[in-house]
Structure formats: structure tokens, C-alpha cells
Amino acid sequence: MPTDVLISEVGPRDGLQSVKATMPTDRKFAWIDALYDAGLREIEVCSFVPARLLPQMADAAEVVRHALGKPGLTVMALVPNRRGAEAALTSGVHKLTLPVSASEAHSMANVRKTCAQMVDEVREIVALRNALAPGVHIEAGVSTAFGCTLQGVVPEDDVVRLAAALAEAGADDVGLSDTTGMANPAQVRRLFNRVRAEIGEHTGAAHLHNTRGLGLANCLAAYDVGVRTFDSSHGGLGGCPYAPGASGNVVTEDLVFMFEAMGLATGVDLEKLIHARAVLQAGLPGEPIYGMTPEAGLTKGFVYADGHLPREVQA
Ligand code: ZN
């Protein structure tokens with residue numbers, strides 16, 4: 001079924017690596033199953049990082065193997081460097097995402113490399129991909145594209161220049177991430193337009209956060225300027241919110257509701273997605289999860305973009 005937008009679920013990676021608890025492997029399988037059953041067709045299932053740094057991701061290869069058993073699912077993994085890329089490519093993932101910060105301060109603090117060194121790393125990873133698994137898609141995500149908690153303002157010229165350098169280094173597409181939840185809709189529109197003017201069809205996904213309540217407004221702004229892939233997290237899990245009581249990542253349930261209510265098909269069954277919250281919660285007891293649509297329920301008279309009615313209405 002063709003969809004109007006692609007929702008790329010990042011909860012099993014972005015979400016799980018941001019919480020203290022480690023979800024047991026069989027619970028991860030059950031959660032990924034539930035997300036897939038709800039209709040999500042791209043899931044960032046893990047990151048390939050040393051287990052001593054992120055014990056939450058120690059089972060990355062196992063999780064990939066499980067996810068590869070789902071027909072039609074694009075299995076995605078985050079890799080911070082060449083070593084992670086090698087492990088991910090060996091595991092059989094379909095797509096790699098590489099975070100590259102537009103803020104020098106953030107880049108040094110996170111990976112102890114300058115932005116330029118990270119571009120070189122991406123170039124090496126592309127070469128590795130070409131040698132090991134030429135069919136794998138490489139996405140570079142420009143993190144702190146809209147501002148940085150360390151550096152403050154990140155000049156738009158820096159973001160555009162970095163996006164161009166990443167495309168030149170061989171990234172298939174380059175997305176923009178509001179890592180620290182600082183973006184506003186006017187900025188999202190401006191920056192995606194500028195990046196598209198520079199790298200055209202290589203312009204990738206919007207990874208936006210809800211730290212200050214602007215997540216959906218920012219997604220809509222990105223949609224309005226041609227973005228069609230959106231990262232979000234089931235239950236709004238994770239995303240380093242930096243603001244107590246605030247969700248980090250955009251909540252998948254709310255994002256799906258917005259698009260479907262607007263008549264834009266996502267391929268996702270909202271009721272199944274809402275029921276799947278119990279599966280997530282069972283794997284992470286006591287962890288706060290977010291979402292307005294799950295609290296309020298679907299609107300009376302709600303119809304999915306493709307014209308079908310919610311199951312509870314049909315019954
Ligand atoms: Zn995030």
C-alpha cells in the first residue's frame with residue numbers, strides 16, 4: 001500500500017538508549033513485533049556501539065536478526081563510527097544512520113571529533129558499504145541542526161555546508177535533527193528549503209523533538225516544504241529531553257493522528273499502535289511515556305486517510 005508519508009520509528013534505538021533501564025531482549029522482540037503489526041515499515045532497531053558504553057544496546061545483532069524476519073520492514077541501525085558500521089553491515093541491516101553534529105562543541109563532546117573529521121568518517125563508511133554490502137542505504141543525520149545546548153546558536157550556513165559535504169562524501173540522503181528540541185517552524189521551513197536547494201533529492205528525514213511542545217508544528221512545517229520521512233518515537237520515549245516532564249522525541253501516535261486526520265496516509269493503524277503501548281510499558285516498567293492522542297482517544301467520526309473506519313467503530 002503506497003503511503004503519503006513514511007513514519008520512521010526510532011523508539012527501539014533513540015528511546016531505549018536514552019533511558020537508564022535495559023529492556024530485556026525478548027521484550028524488545030515483542031515491542032518490535034507490535035510496532036510492525038501496527039503497520040510501521042521502517043524501524044531504527046538499535047545502535048552499534050560498545051556494550052560497555054551502552055549496555056542497553058548489547059544485543060544489537062540479535063535484535064537486527066529478529067527484525068530481518070519481517071517482510072517489507074526496513075531495518076535501520078545507528079552507527080557512530082567505522083567500527084560500528086562494520087558490525088552493522090555484517091549484521092545485515094538495510095539502512096544505516098550516521099549522526100554528524102553541526103555544532104563543533106557538540107561533536108567534540110560526543111565523539112571527540114571535529115565536524116570535518118566526521119565527514120571523513122562518513123566517506124570511509126561509504127567505501128566500506130560499497131565493499132561489504134552495496135545495497136545498504138546510508139543516511140547522515142545532521143544533529144544539533146537547529147541549535148545546541150553547548151554552543152547555543154548553530155549558524156544555518158554551517159548546517160547547509162555540512163549537508164553538502166555529507167552528500168558529497170557519498171551519503172544517500174541527509175536529514176536534519178533537532179537533537180536538543182530548539183527548533184521552531186519558521187526555522188524548519190527555512191533550513192529544509194536551503195538544504196534542498198543545495199543537495200536536492202538527497203534531502204532526507206526530519207528528526208524533530210517535542211521538548212518545548214513544537215514537535216508536531218515543526219513536522220508540519222517540514223511537510224509543507226517537501227519532507228516526506230519523519231522520525232518519531234512510540235510513546236515519545238527517549239530523545240534526551242533536557243526538560244523535566246517533557247517528551248524528547250515527537251510521539252509517533254500523535255504524529256500518525258495528525259497526518260491521518262489531514263488525509264495523508266501513513267499505513268499505520270492507530271488503535272493497534274495505542275494498544276502496543278502496553279507492550280512497551282511491560283518491557284520498561286515505571287518508565288514515563290507520553291502522547292496526547294492515546295490519552296484523548298480518536299475523535300468521534302475519525303476516518304483514516306484511505307477511507308477506512310477505526311475497528312472499534314466497525315464493530
Ligand atoms: Zn531524537
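Predicted model: local features only at pLDDT ≥ 70, side-chain atom pairs only at ≥ 80, totals over all residues.
Mentor: Residues are numbered from 1 along each chain as its sequence is written, and side-chain values use heavy atoms, with hydrogens and water left out.

Trainee: Why is Thr144 called buried?

Mentor: Buried means under 20% relative accessible area, exposed over 50%, and partly exposed in between (1.4 Å probe, protein chains only). Thr144 has a relative accessible area of 0%, so it counts as buried.

Trainee: And what makes Arg112 exposed?

Mentor: Its relative accessibility is 72%, so Arg112 goes in the exposed class. You'll find Arg112 in the loop between α5 (104-111) and α6. Helices here are DSSP runs of H or I with at least four residues, strands are runs of E with at least two, and both are numbered from the N terminus.

Trainee: Which residues of α4 are buried?

Mentor: In α4 (residues 82-91), they are Gly84, Ala85, Ala88, Leu89 and Ser91.

Trainee: How do you know that they are on the same side of α4?

Mentor: They cover an arc of only 155° around the axis, so they share one side of α4; the arc is that of the directions from the helix axis to the C-beta atoms. On the face turned away from that buried side are the exposed residues Arg83 and Thr90.

Trainee: What do the buried residues of α4 pack against?

Mentor: Against α3 (60-67), β4 (95-101) and α6 (115-132). Contact means heavy atoms within 4.5 Å.

Trainee: How do you describe the packing of α2 and α3?

Mentor: Two packed helices are described by the angle between their axes and the distance between the axes. For α2 (residues 25-37) and α3, that's an angle of about 35°, with the axes 10 Å apart. Axes are lines fitted to C-alpha atoms, for helices over the stretch in contact, and angles run from 0 to 180 degrees between N-to-C directions. Residues making the contact include Phe29 and Ile32 of α2 and Val63 and His66 of α3.
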